[in-house]
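Work through the exercises below with the sequence and the 3D structure at hand. Try each task before reading its solution.

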Amino acid sequence: MTLTPLRAGDQIALIAPASPFEVENYTRLRDSLKGKGFQLVQGENVFLRRGYLAGTEADRANDLIEAVKNPSIAAIICVRGGYGSGRLLPWLPFPVLQRNRKIFLGYSDITFLHLAFLSQMGWITFHGPNLLDADSSPGKLDGILQALEGQSGFAWSLQDGHIVRAGVATGSLFGGNLTCISHLLGTPYFPDPKGALLLVEDCSEALYRLDRIFNHLKLAGVLDVISGLILGDFKDCAESREILNMVLEHAGPFHFPIIAGLPFGHDGLNEVIPFGAPFYLNTYERTFRVQHSPFSE
């Protein structure tokens, strides 16, 4: 099922499903978004703090549930990641929420929700900047909105440096933060990886910890069945060559194509990309692109 593109005047819900945030930065970015012509609906509990969490599970889940169920809301943007989204999964009535499909944007700890929405409801969601990251580079907010308005082709041209292992692959795209992905393995919320393209990124993880996670993916059978691997940004983790060598060691027994250095994650542009949508990867044609737009007019 396709989504309706975001349009000026639409209502956008702002929720905090993970960690709390600085109100000053939030207010500035909320006002910037409002200045683009959108109506903003704040979660009732968005400003709560409970240690390293933005309120209790009940508080945070309620804001997410109400935003999804509200037929007037066209899109949901997460304020920040941090930690806590995974704790919401048992609180979410997925059969009820499934009937209220809408645009959902976030990244980092929000990976837990991306994976759960895909595995439990078959939703297409958008991996991309949280609200507090929306002005980290010039024109970034405009780029986010253009993607959610259906003006992006969701296509990336590959250069020599992007190609780690050549090949062709198609499949539904899923993934997000590598550490979060590993914490859902073995749970009902992990999507079926068979034939899928896996996109991963991470931040501030030592090389041996990344190694441990890739070993976990291999032992759990994920690397056996995926059709391709996309490596995004690995901010403050290790040298790129060290990461690639480690990945190739684990991917050695398999034959899927691998590309790296794509603009997804905690560093760089962190461009918007739809999870759950069918993608085409061809290193010979030097393209990585969505096969069908997630939007309908």
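A residue is called buried if its relative accessible area is under 20%, exposed if over 50%, and partly exposed in between (1.4 Å probe, protein chains only). The model is predicted: local features need pLDDT of at least 70, side-chain atom pairs count only at pLDDT 80 or more, and totals for chains, interfaces and linings use all residues. Residues are numbered from 1 along each chain as its sequence is written, and side-chain values use heavy atoms, with hydrogens and water left out.

**Exercise 1. Ala58 and Tyr52**

Task: Classify Ala58 by its relative accessible area, then do likewise for Tyr52.

Solution. 
Step 1. Ala58 has a relative accessible area of 36%, so Ala58 is partly exposed. Its place is in helix H2. Helices (H or I, at least four residues) and strands (E, at least two) are DSSP runs, numbered from the N terminus.
Step 2. Tyr52 lies in the loop between E2 and H2. At 56% relative accessibility, Tyr52 counts as exposed.
Step 3. Contact means heavy atoms within 4.5 Å. Leaving aside neighbours within four places in sequence, Tyr52 is in contact with Ala18, Ser19, Pro20, Tyr83 and Arg87.
Step 4. Two C-alpha distances complete the picture. Ala58 and Leu244 are 186 residues apart in sequence and 41 Å apart in space. Tyr52 and Ser137 are 85 residues apart along the chain, with a separation of 27 Å.

**Exercise 2. An aromatic pair**

Task: How many aromatic pairs are there, and what is the geometry of Tyr26 with Phe47?

Solution. 
Step 1. Rings of Phe, Tyr and Trp (its six-membered ring) pair if their centres lie within 6.5 Å; planes under 30 degrees apart count as stacked, over 60 as edge-to-face and the rest as tilted. By this rule there are 15 aromatic pairs.
Step 2. For Tyr26 and Phe47 the centres are 5.3 Å apart and the planes make an angle of 90°, an edge-to-face pair.
Step 3. Tyr26 belongs to helix H1 (residues 23–34) and Phe47 to the loop between strand E2 (39–42) and helix H2 (57–69), so the pair ties together parts that are 21 residues apart in sequence.
Step 4. Tyr26 has a relative accessible area of 0% and is buried, whereas Phe47, at 40%, is partly exposed.
Step 5. Ring pairs also link Phe94, Phe104, Phe117, Trp123 and Tyr189 into a cluster.

**Exercise 3. Two packed helices**

Task: At what angle do helices H7 and H9 pack, and how far apart are their axes?

Solution. 
Step 1. Axes are lines fitted to C-alpha atoms, for helices over the stretch in contact, and angles run from 0 to 180 degrees between N-to-C directions.
Step 2. Helix H7 (residues 207–219) packs with helix H9 (residues 240–251) at an angle of about 20°, and the axes are 10 Å apart.
Step 3. Angles under 35 degrees count as roughly parallel, over 145 as roughly antiparallel, 65 to 115 as roughly perpendicular and the rest as oblique. H7 and H9 are therefore roughly parallel to each other.
Step 4. On the H7 side the contact is made by Leu207, Leu210, Asp211, Phe214, Asn215 and Lys218; on the H9 side, by Glu242, Ile243, Met246, Val247 and His250.

**Exercise 4. Positive phi**

Task: Where does Phe154 lie, and is Phe154 buried or exposed?

Solution. 
Step 1. Most residues other than glycine have a negative phi. Phi of Phe154 is near 50°, a positive value.
Step 2. Phe154 lies in the loop between helix H5 (140–148) and strand E6 (155–157).
Step 3. The relative accessible area of Phe154 is 1%, so Phe154 is buried.
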